[in-house]
Amino acid sequence: MDYGLQGKTVLVTASSKGLGRATAQLFAAEGARVMLSSRSEAALRQTAQEIKAATGNPQVSYCQADVGRVQDIEQLFSATEREFGGVDVLINNAGGPHTGHFDAITDEQWAQAFSTTLMSMVRATRRALVHMRHQQWGRIVNFASSSIKQPLDQLVLSNTYRAGILGLAKSLATELAEYGILVNTLGPGRIDTDRVRSLDADRAARMGVSVAEVQKQAMSLIPLGRYGTPEEFAALAVFLGSPMNGYITGQAILVDGGLVKSL
């Protein structure tokens with residue numbers, strides 16, 4: 001199947017590992033020009049080399065950036081435009097915020113999570129829209145969490161700011177439709193990533209049980225009976241971010257194996 005991504009420039013933030021990396025690799029496999037970013041230049045360099053080798057696509061580059069910093073986002077877009085041209089497809093992704101109950105979260109952690117989780121997407125989207133509006137076409141896919149449908153224990157920061165991402169996407173879908181720009185939000189459930197492994201380890205420590213027991217309990221709540229893979233998540237992200245998607249916008253879609261039961 002041809003997703004129509006040849007010649008498209010795709011920027012994937014937080015893409016040196018996990019969901020971002022899997023998504024960037026699939027875009028590269030479909031022939032897109034892909035810009036990677038994360039806070040670690042060494043990780044980015046290795047990831048770019050591995051994606052090029054795996055896909056045979058030489059048009060994969062990277063730029064070190066902390067998406068919580070205004071100046072880093074500007075540098076990231078400038079680097080992308082110099083190398084590949086304006087961003088046609090923006091994949092908004094960021095590392096998960098601190099965990100903990102409400103009483104344990106400090107003002108500093110609230111501010112940091114606000115900047116990294118929500119404002120990073122506001123700022124990156126604002127910057128991408130300059131080119132997208134001009135060409136009357138664009139795709140924006142925001143990575144959030146299943147907490148956009150059902151709050152998660154010990155994740156009050158994620159529960160709060162991921163809901164903001166959903167509200168932002170809903171508003172933008174209406175405002176940008178006339179320009180041919182589609183905006184959607186994906187909520188991963190229990191996907192096998194470093195972040196989920198870390199959350200499982202934290203939960204195991206609190207409960208005084210093994211990580212294997214935590215995972216067994218978690219999988220018992222998932223109708224498909226297992227954690228998802230980053231590649232399974234990436235498949236939907238790439239579809240929504242491609243010309244193949246012509247009529248889906250303003251939607252919040254969970255990739256969770258049926259975990260969340262809400263309508």
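Helices (H or I, at least four residues) and strands (E, at least two) are DSSP runs, numbered from the N terminus. The model is predicted: local features need pLDDT of at least 70, side-chain atom pairs count only at pLDDT 80 or more, and totals for chains, interfaces and linings use all residues. Residues are numbered from 1 along each chain as its sequence is written, and side-chain values use heavy atoms, with hydrogens and water left out.

**View 1. Asp200 in helix H6.**
Asp200 sits in helix H6, residues 194-207. Is Asp200 buried or exposed? Its relative accessibility is 1%, so Asp200 counts as buried. Buried means under 20% relative accessible area, exposed over 50%, and partly exposed in between (1.4 Å probe, protein chains only). Contact means heavy atoms within 4.5 Å. Not counting residues up to four places away in sequence, Asp200 touches Arg190, Val211, Val214, Gln215 and Tyr227.

**View 2**
Seven strands form an open sheet in the order S3-S2-S1-S4-S5-S6-S7, with parallel pairing. Strand S3 (60-64) and strand S7 (252-255) stand at the edges. Each has a single partner strand, so one side of each is left without a neighbour in the sheet. Two strands pair if DSSP finds at least two bridges between them. Four bridges join strand S6 (residues 181-188) to S7, and the two run parallel. Thr185 has Ala252 of S7 as its bridge partner.

**View 2. Helices on the sheet.**
H1 packs on the sheet and touches S1, S2, S3, S4, S5 and S6. The direction of H1 makes about 165° with that of S2. H8 lies across S5, S6 and S7, running at about 170° to S6. Axes are lines fitted to C-alpha atoms, for helices over the stretch in contact, and angles run from 0 to 180 degrees between N-to-C directions.

What span should the 15 residues of H2 have? At 1.5 Å a residue, they should span 21 Å, and the end C-alpha atoms of H2 are 21 Å apart, which agrees. The expected span is 1.5 Å times one less than the number of residues. Leu44, Thr47, Ala48 and Ile51 of H2 are buried. They cover an arc of only 100° around the axis, which puts them on the same side of H2. The arc is that of the directions from the helix axis to the C-beta atoms. The buried residues of H2 pack against H1, S2 and S3. On the other side of H2, Gln49 and Ala53 are exposed. Gly56 follows H2, and its phi is positive, near 75°.

**View 3. The nonpolar cores.**
A nonpolar core is a set of buried Ala, Val, Leu, Ile, Met, Phe, Trp, Tyr and Cys residues joined through side-chain atoms within 4.5 Å. The largest has 27 residues; Val10, Phe27, Val34, Leu36, Ile91, Phe143 and Leu186 touch the most other members. Elements that each supply at least two residues of this core include strand S1 (9-12), helix H1 (18-29) and helix H8 (230-240). A second, separate core of 21 residues includes Leu11, Phe77, Ala124 and Leu129.

**View 4. Two loop residues with positive phi.**
Gln136 is in the loop between helix H4 (107-135) and S5. Its phi is near 60°, a positive value in a residue other than glycine. Gln136 is partly exposed, with a relative accessible area of 44%. Gln154 lies in the loop between S5 and helix H5 (156-176). Phi of Gln154 is near 70°, also positive in a residue other than glycine. Gln154 counts as buried, at 18% relative accessibility.
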